[in-house]
Amino acid sequence: MILIKSAEVYSPQFLGVKDVLIGGEQILAIEDQIDISTFKNLGVEVIQAKGKMLIPGLIDAHVHIAGAGGEGGPATRTPEMQLSQMISGGITTVIGCLGTDGMTRSLNSILMKVKSLRAEGVSAWMYTGSYQVPTPTILGDVGKDIAMIEEIIGIGEIALSDHRSSCPTTQELIRLVEHARVGGMLGGKAGIANIHMGDAKNPFQPIYDAVNQSELKLTQFFPTHCNRNDYIFEDAKEYGKHGYIDITASSYPFFPEYEIKPSRAIAEFLKAGVPLNHITMTSDGNGSLPDFDEKGNLIKLEMGQPKSIFTELVDTIKDEKLPLEKVLPVVTSNVADILKLKQKGRIKIGNDADLVLMDKNYTITEVFARGKKFMDKGNIVIKGTYEK
Ligand SMILES: [Zn+2]
């Protein structure tokens with residue numbers, strides 16, 4: 001058991017200064033004072049957290065955990081994500097996805113990477129499918145993958161409005177997303193469709209068309225990269241009033257000439273009247289970040305980092321002057337709600353003990369995932385199997 005004493009607890013909402021008791025993988029108690037003198041000999045580790053903030057572990061719902069890319073040829077394939085890339089950014093849950101390369105990379109690798117991350121002690125799930133339509137699957141059917149494979153919670157990232165998209169027809173898109181929805185119903189999952197939004201003009205039109213010509217709701221779609229350029233950003237301010245919008249964090253420092261800084265995007269979406277519970281932020285970690293010229297030639301290539309979601313969360317507080325409890329849901333409870341991850345995203349009795357302690361300067365000092373301490377006094381103490 002671990003007792004975190006006198007922390008300022010943000011559940012995301014501010015609960016006050018509390019003691020939080022962790023036992024096994026769960027949060028057992030949250031009280032003003034927890035007296036452990038009666039069960040001291042059970043070996044409770046006490047962590048003094050006076051003056052520190054305790055927040056839920058971050059959920060990064062779009063990470064290329066088994067590598068991605070390759071858009072500049074074989075040498076540009078990105079590597080697998082390592083455990084410390086999550087822990088350094090206070091991330092305790094990831095959702096893996098395939099991405100552009102549904103041709104030479106496989107969902108089997110992502111599924112085994114999910115299992116490997118779980119074995120290393122953090123939480124992970126995945127989407128079935130890739131950019132392409134028809135999309136690769138494990139069991140030969142999107143719905144079966146979602147209904148029958150515990151680790152699979154939806155489909156994605158399906159590319160729309162992009163030169164790398166298969167440009168599904170409206171009927172193809174409807175059929176695919178409805179199928180994912182039914183798989184989700186049968187499996188008790190979100191069954192949501194994570195959509196890669198590209199650089200085409202009127203990028204949300206394919207989603208609006210699918211919804212207008214079917215019984216699907218906008219909330220069955222989970223479009224990402226909504227800050228990739230100024231026109232998708234403007235369109236997302238309206239779209240976001242009715243559907244979910246996801247901001248990509250890791251690409252900003254590499255493409256500041258096109259992208260809206262994620263921290264500013266959060267502030268501006270809120271100012272435009274997008275409900276807070278419609279906004280999320282993910283990293284696109286380990287995705288390659290290619291830049292193409294007008295002729296479509298690759299001119300630049302970078303790789304995203306998961307910890308960018310923590311950096312941008314802090315910038316939203318420091319630069320945009322939004323309070324922590326107002327913006328924290330964007331990387332915790334909103335993501336858990338949209339993806340139906342019931343044990344995640346909130347500091348609550350019975351939830352998984354995924355917790356992050358930070359000091360007054362928003363520096364992460366401790367990270368706990370499923371009850372185990374992965375970072376202690378700023379040092380990562382549990383690393384991935386092959387990490388030094
Ligand atoms: Zn993408």
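I started with Ser-6, which I found in strand β1; strands here are DSSP runs of E of at least two residues, helices are H or I runs of at least four residues, and both are numbered from the N terminus. Before going on, I noted that this is a predicted model, where local features need pLDDT of at least 70, side-chain atom pairs count only at pLDDT 80 or more, and totals for chains, interfaces and linings use all residues. Residues are numbered from 1 along each chain as its sequence is written.

**Entry 1: positive phi**

I looked up the backbone of Ser-6 and saw a phi near 60°, a positive value in a residue other than glycine. Is Ser-6 buried, exposed or partly exposed? Ser-6 counts as partly exposed because it has 18 C-beta neighbours inside 10 Å. The scale I used: buried means 20 or more other C-beta atoms within 10 Å of the residue's own, exposed means 12 or fewer, partly exposed is in between, and C-beta atoms are placed from the backbone.

I then turned to Asn-202, which is not a glycine either but has a positive phi of about 45°. Asn-202 sits in the loop between β10 (192–197) and α5 (205–212). With 11 other C-beta atoms within 10 Å, Asn-202 is exposed.

**Entry 2: Ala-7**

Ala-7 is also placed in strand β1. I counted Ala-7 as buried, since 27 other C-beta atoms lie within 10 Å. Leaving out residues up to four places away in sequence, Ala-7 touches Val-17, Lys-18, Val-20, Ala-49, Lys-52, Met-53, Leu-54 and Leu-357; contact means C-beta atoms, placed from the backbone, within 7 Å. For Val-17, ten residues along the chain from Ala-7, I noted a C-alpha separation of 5.3 Å.

**Entry 3: cis peptides**

I found a cis peptide bond between Ser-11 and Pro-12, with omega about 25°. Pro-12 lies in the loop that links β1 (2–10) and β2 (14–23). Another cis bond joins Val-133 and Pro-134, and its omega is about -5°. I located Pro-134 in the loop between β8 (123–128) and α3 (142–148).

**Entry 4: the parallel sheet**

What is the strand order of the open sheet of six strands? I read it as β6-β7-β8-β9-β10-β11, with parallel pairing; two strands pair if DSSP finds at least two bridges between them. The edge strands, each pairing on one side only, are β6 (58–63) and β11 (221–224). From one strand to the next, the twist averages 30°.

I checked β6 against β7 (residues 91–96): they run parallel and are joined by four bridges. Asp-60 has Val-94 in β7 as its bridge partner. Helix α4 (residues 170–187) lies across β9 (152–160), β10 and β11, and runs at about 170° to β9; axes are lines fitted to C-alpha atoms, for helices over the stretch in contact, with angles from 0 to 180 degrees between N-to-C directions.

**Entry 5: two domains**

The domain assignment, automatic or from a database, gives domain 1 (2–55 + 346–380) and domain 2 (57–338). Their C-alpha centres lie 30 Å apart. The contact takes 20 residues from domain 1 and 19 residues from domain 2. On the domain 1 side, I listed β5 (53–56), β16 (355–358), β17 (364–369) and β18 (372–376) as the elements giving two or more residues. The residues on that side divide into 14 nonpolar, one polar and five charged; nonpolar covers Ala, Val, Leu, Ile, Met, Phe, Trp, Tyr, Cys and Pro, charged covers Asp, Glu, Lys and Arg, and the others, Gly among them, are polar.

Key: Contact = placed C-beta atoms within 7 Å.
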